[in-house]
Amino acid sequence: MDNKPKRPRPTDPAPEADDAAMRADATPVADLASEAAVAAPAEMVPKDTYLRLAAEYDNFRKRTLKERTELWSKAQADLVQRLVDALDDLARFAHIEPSAETAKTIHEGVDLVERKIWKELEAAGVRRVDQVGVPFDPNLHEAVTTAPASAPEEDHTVGAVLQAGYQLGGALIRPARVTVLTWQGGGGGGGGGGVPDPERG
């Protein structure tokens with residue numbers, strides 16, 4: 001008979017530990033689920049509250065849109081009001097009897113109307129894009145044609161404005177149609193500024 005004290009058999013703590021761990025891991029999830037279940041009714045907003053909020057937002061959106069439309073209409077009306085006097089002057093010059101006035105008088109009258117119109121347009125934030133010698137900017141200019149530059153520093157600059165462009169408050173209304181200068185290199189003597197003659201090959 002074996003009187004040796006029996007060594008306790010090592011028990012595998014894994015199942016119990018795993019169970020405990022699983023319970024420990026699962027507890028927060030269960031708690032969260034339980035809390036959510038308890039909190040859900042308290043957090044649920046009644047349907048009529050949702051409908052009221054949706055209606056208030058829709059009214060706010062419509063009111064904002066209406067205010068913007070009214071503001072834009074008022075701005076347009078203000079601009080027209082600024083221009084009607086100049087338009088009246090232009091109409092008077094358009095209907096005068098040519099034989100009753102000299103060309104100089106008509107020219108001065110039209111020039112006066114143009115300056116009056118531009119005074120009001122500039123006050124409204126309109127700017128003309130018609131500068132020559134500035135760098136070509138595709139955001140402001142539309143290149144219609146090119147011409148040879150007489151010096152390297154003129155390369156890719158505006159050589160002529162064929163049709164003025166306009167900006168309103170920094171936004172481009174119409175690009176300026178321009179001729180762009182291009183430097184062809186320090187070509188030899190003779191005309192053309194170094195531009196190759198296609199007939200010479």
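Let's start at D130, which touches V161 and A164 once residues up to four places away in sequence are set aside. This is a predicted model, and in it D130 sits in the loop between β1 (126-129) and β2 (141-148). Is D130 buried, partly exposed or exposed? With 34% relative accessibility, D130 counts as partly exposed.

Which residues make up the largest nonpolar core? There are 6 in all: V129, F136, V158, A176, V178 and V180. Strand β6 (residues 176-182) gives the most to this core, contributing 3 residues. As background, nonpolar side chains in soluble globular proteins tend to be buried together.

Leaving aside neighbours within four places in sequence, V158 is in contact with Q131, V132, G133, V134, P135, F136, H141, V178 and T179.

Next come the helices. Two packed helices are described by the angle between their axes and the distance between the axes. Helix α2 (residues 47-94) packs with α3 at an angle of about 175 degrees, and the axes are 9 Å apart. Because angles over 145 degrees count as roughly antiparallel, α2 is roughly antiparallel to α3. On the α2 side, the contact is made by L79, R82, L83, A86, D89, L90 and F93. On the α3 side, T105, G109, V113, K116, I117, E120, L121 and A123 take part. By type, the residues of this contact divide into 9 nonpolar, 2 polar and 4 charged.

How many aromatic pairs does the structure hold? It holds 1, formed by W118 and Y166, whose rings are stacked at 5.8 Å centre to centre with 20 degrees between the planes. The pair links distant parts of the chain, with its two residues 48 apart: W118 lies in helix α3 (residues 103-123) and Y166 in strand β4 (residues 165-168).

| Residue | Relative accessibility | Class |
|---|---|---|
| W118 | 12% | buried |
| Y166 | 23% | partly exposed |
| D130 | 34% | partly exposed |

W118 counts as buried because its 12% relative accessibility is under the 20% limit.

How values were computed:
Residues are numbered from 1 along each chain as its sequence is written. This is a predicted model: local features need pLDDT of at least 70, side-chain atom pairs count only at pLDDT 80 or more; totals for chains, interfaces and linings use all residues. Side-chain values use heavy atoms; hydrogens and water are left out. Rings of Phe, Tyr and Trp (its six-membered ring) pair if their centres lie within 6.5 Å; planes under 30 degrees apart count as stacked, over 60 as edge-to-face and the rest as tilted. Helices (H or I, at least four residues) and strands (E, at least two) are DSSP runs, numbered from the N terminus. Buried means under 20% relative accessible area, exposed over 50%, partly exposed in between (1.4 Å probe, protein chains only). Axes are lines fitted to C-alpha atoms, for helices over the stretch in contact, and angles run from 0 to 180 degrees between N-to-C directions. Angles under 35 degrees count as roughly parallel, over 145 as roughly antiparallel, 65 to 115 as roughly perpendicular and the rest as oblique. Contact means heavy atoms within 4.5 Å. Ala, Val, Leu, Ile, Met, Phe, Trp, Tyr, Cys and Pro count as nonpolar, Asp, Glu, Lys and Arg as charged, and the others, Gly among them, as polar. A nonpolar core is a set of buried Ala, Val, Leu, Ile, Met, Phe, Trp, Tyr and Cys residues joined through side-chain atoms within 4.5 Å.
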